[in-house]
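Thank you all for coming; I would like to walk you through one structure this morning. Please have a look at it before I go on.

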Amino acid sequence: MRITLEDILRGRVRLVVRRRRRRSLPETAEVAELRALAKAVLPERLSELASEYGFSYNQVRIKHNVSNWGSCSSKGNINLNLNLMRLPEDLRDYVMLHELCHLKYLNHGPEFHALLESVCPDHRMLQRRLKDYKLI
Ligand SMILES: [Zn+2]
């Protein structure tokens with residue numbers, strides 16, 4: 001079917017404009033504070049964990065989203081959610097180790113889990129505890 005401008009103006013067809021999903025959340029004072037803390041703490045800790053366990057990554061960025069605590073790209077870049085600052089340190093470390101393991105395996109297959117197990121033997125318990133926290 002061919003849609004004319006007249007069809008649209010007369011309301012015979014309705015235009016649906018899809019907005020892009022917001023890529024980041026509003027920067028409230030609380031978020032700004034968490035971001036500053038996160039920038040002061042997380043990159044340094046990630047670097048410590050990486051050298052302790054022999055990982056090397058490209059860049060680390062601090063993000064604010066509600067979809068993940070952290071992520072790792074095929075280019076070796078790691079994103080960490082500023083909400084990690086609301087977690088106890090062992091859970092924070094767990095998320096960082098999880099992302100570091102994705103530098104070697106970009107999936108959650110058996111090899112990934114074996115590697116995670118070797119650097120973080122408590123990962124199953126930590127993953128369960130992490131579910132008690134919500135991303136905001
Ligand atoms: Zn993962």
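Predicted model: local features only at pLDDT ≥ 70, side-chain atom pairs only at ≥ 80, totals over all residues.

Let me begin with a question: in which helix is A114 found? A114 is found in helix 4, where helices (H or I, at least four residues) and strands (E, at least two) are DSSP runs, numbered from the N terminus. Residues are numbered from 1 along each chain as its sequence is written.

Is A114 buried or exposed? A residue is called buried if 20 or more other C-beta atoms, placed from the backbone, lie within 10 Å of its own, exposed if 12 or fewer, and partly exposed in between; A114 has 11 C-beta neighbours inside 10 Å, and therefore counts as exposed. Between A114 and K39 there are 30 Å from C-alpha to C-alpha, and the two are 75 residues apart in sequence.

I now turn to helix 3, which covers residues 89-101. The expected span of a helix is 1.5 Å times one less than its number of residues, so the 13 residues of helix 3 should span 18 Å, and this agrees with its end C-alpha atoms, which are 18 Å apart. Among the buried residues of helix 3 are R92, Y94, M96, L97 and H98, and the buried residues of this helix pack against helix 2 (29-53), strand 2 (70-72), strand 3 (78-81), helix 4 (110-119) and helix 5 (123-130).

Two packed helices are described by the angle between their axes and the distance between the axes. The axes here are lines fitted to C-alpha atoms, for helices over the stretch in contact, and the angles run from 0 to 180 degrees between N-to-C directions. Angles under 35 degrees count as roughly parallel, over 145 as roughly antiparallel, 65 to 115 as roughly perpendicular, and the rest as oblique.

Helix 3 and helix 4 pack at an angle of about 135°, with their axes 10 Å apart, which makes helix 3 oblique to helix 4. In this pair, L97, H98 and C101 of helix 3 meet F112, L115, L116 and V119 of helix 4, residues being in contact if their C-beta atoms, placed from the backbone, lie within 7 Å. By class, this contact has 6 nonpolar, 1 polar and no charged residues, where Ala, Val, Leu, Ile, Met, Phe, Trp, Tyr, Cys and Pro count as nonpolar, Asp, Glu, Lys and Arg as charged, and the others, Gly among them, as polar.

With helix 2, the axes come within 10 Å of those of helix 3 and cross at roughly 55°, so that helix 2 is oblique to helix 3. This contact is made by R45, L46, L49, A50 and Y53 of helix 2 and by D93, M96, L97 and L100 of helix 3, with 7 nonpolar, no polar and 2 charged residues. Y53 itself is partly exposed, having 14 other C-beta atoms within 10 Å, and, leaving aside neighbours within four places in sequence, Y53 is in contact with L100 and V119.

Finally, how do helix 3 and helix 5 lie, and at what angle do they cross? Their axes come within 10 Å and cross at roughly 110°, and the two helices are therefore roughly perpendicular to each other.

Methods
Contact = placed C-beta atoms within 7 Å.
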